Amino acid sequence: MFTSTIFASILPEILILVLGVILLIVEPFWKVDQRRNVGWLTAGGLFVAIIVSLLLGQPGEPTSVLGGMIRFDWFGFFLKILFMFAAAITALLMMDHEKAGQRGEAYLLLLASLLGMNLMAVSADLVMLYLSIETASIPLYLLAGFIINDERSTEAGFKYLLFGILASTIMLYGFSLIFGFTGTTNIYKLSEMFAAGEITLPFFFGLFALLIVGLGFKISIVPFHFWAPDVYQGAPTPIAGFLSTASKAAGFAVIVRLFFVAFSFGDNPALLQTWTWTLAILAAITMTVGNLLALPQTNIKRLLAYSSIGHAGYALIGVVAFSQLGAASVVFYLAAYIATNLLAFGVVMAFSRVTGLEDISDYAGLSRRNPLMGLMMLAAFLSLAGMPPFGGFVAKVFVFAAGVQANYTWLVIVGILNSIIGVYYYLNVLKFVYLKRMPNEDEENHPVPLTRPYTIALVILAIGVILVGTVFAPWFSWSDSAALNLF
Amino acid sequence: MNFPILSVITFLPFVAGMLMLAMPATRKNEVRAVALATAVLDLILSAWVYVQYLFGDMSGYQFIEQYNWLPVLGISLKFGVDGLSAPLVLLTGIVMFTGVLISWGDDDPHVMAGIQDRPREFFAFLFLLAGGVFGVFVSLDLFMLFFFYEIAVFPMYLLIAIWGWVKTREYAAMKLTLYLFIGSVVALVGVLVMYWTQYQNTGVLSFDMLLMETAGFSSSFQYIWFLPVFLGFAVLGGIWPFHNWSPDGHVAAPTAVSMFHAGVLMKLGAFAALRVGVMLLPEGAKQWSWLIMIFAGVAVVYGAYIAFVQTDMKYMIGFSSVSHMGLVVLGVSTLNHDGLVGAGVQMFSHGVMTALFFAVTGMIYDRAHTRMIPELGGIAKVMPFATIGFIIGGLVSMGMPGFSGFVAEFPIFMGVWREQWLVAVIASISIVITAAYIMLAIRKVFFSEMPENLVGHISPITMLDKIAISTLCFFMIVIGIFPAVMVPMVEKGVENILRLLGGA
């Protein structure tokens with residue numbers, strides 16, 4: 001039976017698939033020098049898909065559809081919208097990438113990965129979950145190594161592939177243990193099974209460790225973060241942006257759904273505390289390592305990689321809190337972070353397209369070479385540093401508030417100390433953008449022009465970052481209703 | 001619904017800043033005109049609020065506006081002013097207006113006055129700062145207060161780093177930002193803990209400060225959290241031993257930013273420490289007031305003494321600010337009527353006075369290209385108007401009767417005497433030191449023989465500069481001669497604090 005609810009539940013995925021098929025059909029007929037326009041098609045198609053989904057695909061009461069494989073609720077829906085937004089922006093940013101933007105495959109792989117991420121957000125079954133994680137990952141391995149005649153890019157692709165496969169097999173082993181123990185793969189039935197069965201603490205801890213290897217790799221928390229800087233540096237910049245935002249957010253979606261639903265242990269708080277405390281310690285280490293290692297970086301993409309490791313740590317505070325506010329603040333954090341980090345990567349992409357440079361010191365005088373880009377950089381980096389009126393500030397405050405509420409004040413203090421470190425290195429970049437001058441050159445003679453896709457993408461993102469940071473009520477109430485579905 | 005005057009005052013600078021950023025960079029004069037128009041409008045509006053409050057026989061919080069912002073977490077945009085904040089709103093209006101005048105720039109190529117490099121960005125960031133400052137003074141919602149507080153912090157980095165004094169700006173800007181950010185995040189932890197504890201105690205999820213006053217925080221809770229909250233905010237008030245960023249920041253900042261920094265930004269710290277620390281955690285304040293009093297007492301004397309030995313005019317004024325802000329905190333630490341009233345008036349008086357000092361110092365530096373007191377002399381002959389302004393500022397600084405400084409400092413010392421006469425005696429030494437360094441500076445810079453290398457290089461100040469100086473002097477003299485235009489108003493704000501302190 002294919003009811004309207006089922007249709008609505010996978011409407012975004014259907015639209016993405018249709019868009020992919022259209023791309024496949026249309027692209028060969030275009031001349032090689034016109035294939036950049038596939039980017040317009042992808043981005044436009046995704047924005048249409050977002051609007052159609054918002055109009056027709058809104059979930060009501062949470063329901064399980066397609067044989068319990070998919071959970072149709074606000075949590076998944078809101079995240080799907082975020083992923084599609086991130087993919088649309090990434091498509092725009094890819095268009096003028098010299099080596100990746102002219103080829104239709106790149107956009108198709110992006111859509112395939114997006115499809116996987118969308119399913120990650122709604123999977124209610126471990127089998128479905130594993131399949132969707134692989135669907136999301138495999139195109140990303142290819143995209144990271146997309147520039148085959150560039151050593152760094154191939155290295156990035158291969159490194160990402162090896163780490164990724166290793167992590168996902170370990171996670172798969174964890175899934176199989178869960179199945180062996182409970183006899184079910186449905187996440188929503190697991191919690192009852194766990195409650196009924198007599199799961200011992202060491203066994204659960206081992207199980208949790210296996211899972212966190214795979215999922216920790218996706219969200220790049222310490223100690224599963226080693227791939228991130230190399231991959232971000234080597235991969236085409238828009239892909240690095242996509243990896244650090246949508247891919248990471250998808251990982252968080254899985255973590256929140258799986259842990260909040262399956263590992264709630266209503267009658268056994270000791271088990272609950274096992275994983276929240278483990279995650280709390282991981283979060284503290286992640287923040288500290290990410291931020292400390294960001295300090296000495298000279299390459300802007302590596303800096304952003306370490307900063308994104310640090311941000312995974314902040315967002316984990318919301319997971320650790322294990323409360324409705326915690327879940328809502330994670331989702332809100334992801335929304336703010338996706339807009340902010342895409343903006344940062346977008347500026348980096350636009351800058352390196354013109355200049356071919358990626359060192360922080362190369363940004364000297366950017367605010368004179370292109371004042372608009374200077375302001376964009378300001379918005380992105382101040383938002384990352386957690387300064388109002390940009391999204392990063394409120395997101396951080398909400399996450400910290402959730403942490404304090406759950407009596408993890410020590411973790412919040414660690415987070416706050418880390419954000420002080422963050423302020424230092426983010427401002428250091430802005431120092432080059434605004435204060436330093438180009439050595440021996442007049443900035444007037446070296447403008448950094450923006451092409452149209454960049455202008456559109458960056459303006460949308462900048463408005464988004466400010467809107468999330470000022471008019472935060474609608475975003476938060478969506479995050480909140482998303483979180484409500486988990487309990 | 002009445003005219004939402006406080007929101008207009010607060011958001012006008014933000015809107016103007018956005019507007020300026022949207023204008024072409026080459027249209028420098030148009031940008032300046034927009035800036036001046038906004039500043040004048042904000043000054044008029046804030047003066048109107050002040051006058052209404054004063055003559056409308058108002059008390060408590062007035063002009064209250066409330067918009068639900070995020071009801072789920074109890075965050076609302078709640079604005080209102082009382083007798084303490086209304087003068088500070090006016091002060092911000094004054095400093096904003098004079099700051100724009102001072103930064104206007106001069107067509108004379110020999111004079112480096114004003115902001116010539118990218119005035120569009122300068123005014124936009126300055127107005128972002130101003131909007132944040134207004135927001136803190138009028139917010140009655142703790143979340144929003146914190147939000148605006150942070151907005152006021154980061155533009156300082158850019159303003160100092162980009163337009164500041166080449167030699168120290170990078171260092172000073174980073175130092176200032178880190179100090180202030182550390183202070184504010186320490187306070188943030190306290191704020192969040194207060195928020196959840198209130199929820200536990202009353203079952204109401206709200207950041208509304210008027211509700212938090214009645215949250216019934218336990219004595220031990222207040223004892224633990226008073227210090228982080230108070231000191232976290234007071235870092236921005238330049239409290240000893242966390243004052244170190246402040247003189248460095250003053251020295252590195254361009255003139256208008258120094259005026260903002262010393263004039264209003266430091267008040268922000270003292271005000272937030274008072275509003276959040278003392279008013280929401282009164283028991284904690286009582287238990288810790290001895291420590292605050294020691295810190296403030298040291299700041300008063302130590303700041304004055306360090307100012308005395310400086311040769312750079314900006315460092316001298318910077319440390320004198322530490323000393324004068326120490327008086328504000330000293331007044332707060334007494335927790336009695338006289339001390340708090342004095343602190344309230346001193347915030348206004350010191351704001352206007354320091355703004356004037358920095359304005360005149362900036363004018364001298366722009367023309368003489370030095371701020372070293374031994375290298376200057378005879379300025380009075382070419383800049384008589386600025387000289388008179390500086391002398392009036394000096395008299396205020398010394399606490400001369402007839403000027404606003406006296407109205408402010410006298411009650412502070414009375415209040416301190418009541419609590420701990422020894423501290424009053426020690427702190428009063430600062431008055432002597434202040435008189436000494438101010439008079440020495442005036443004699444050397446303005447009245448001694450002009451060094452030969454400066455003769456003929458000093459051009460007179462412009463009309464705009466004169467307007468700025470007269471505006472600032474006007475307020476200092478009016479309050480000095482007619483204390484009734486400010487003191488009764490501040491008293492009304494203080495009554496509210498005393499009520500929270502339990503009539504102590």
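This is a predicted model: local features need pLDDT of at least 70, side-chain atom pairs count only at pLDDT 80 or more; totals for chains, interfaces and linings use all residues.

User: How many residues of chain B are in contact with chain A?

Analyst: Two residues are in contact if their C-beta atoms, placed from the backbone, lie within 7 Å. Here 26 residues of chain B contact 28 residues of chain A. Helix 6 of chain B gives the most to this side, with 13 residues; helices (H or I, at least four residues) and strands (E, at least two) are DSSP runs, numbered from the N terminus. By class, this side of chain B has 23 nonpolar, 1 polar and 2 charged residues. Ala, Val, Leu, Ile, Met, Phe, Trp, Tyr, Cys and Pro count as nonpolar, Asp, Glu, Lys and Arg as charged, and the others, Gly among them, as polar.

User: How is a pair of packed helices described?

Analyst: One gives the angle between the axes and the distance between them. Axes are lines fitted to C-alpha atoms, for helices over the stretch in contact, and angles run from 0 to 180 degrees between N-to-C directions. Helix 13 (residues 300-321) and helix 17 (residues 391-405), both of chain A, pack at about 35 degrees with axes 8 Å apart. Their contact has 8 nonpolar, 3 polar and 1 charged residues. Among the residues that meet are A:Tyr314 in helix 13 of chain A and A:Phe400 in helix 17 of chain A.

User: What span does helix 6 of chain A reach?

Analyst: The expected span is 1.5 Å times one less than the number of residues. Helix 6 (residues 126-144) of chain A has 19 residues and reaches 27 Å from its first C-alpha to its last, close to the 27 Å expected.

Key:
Residues are numbered from 1 along each chain as its sequence is written. Chains are lettered from A and ligands numbered from 1 in the order in which they are written.
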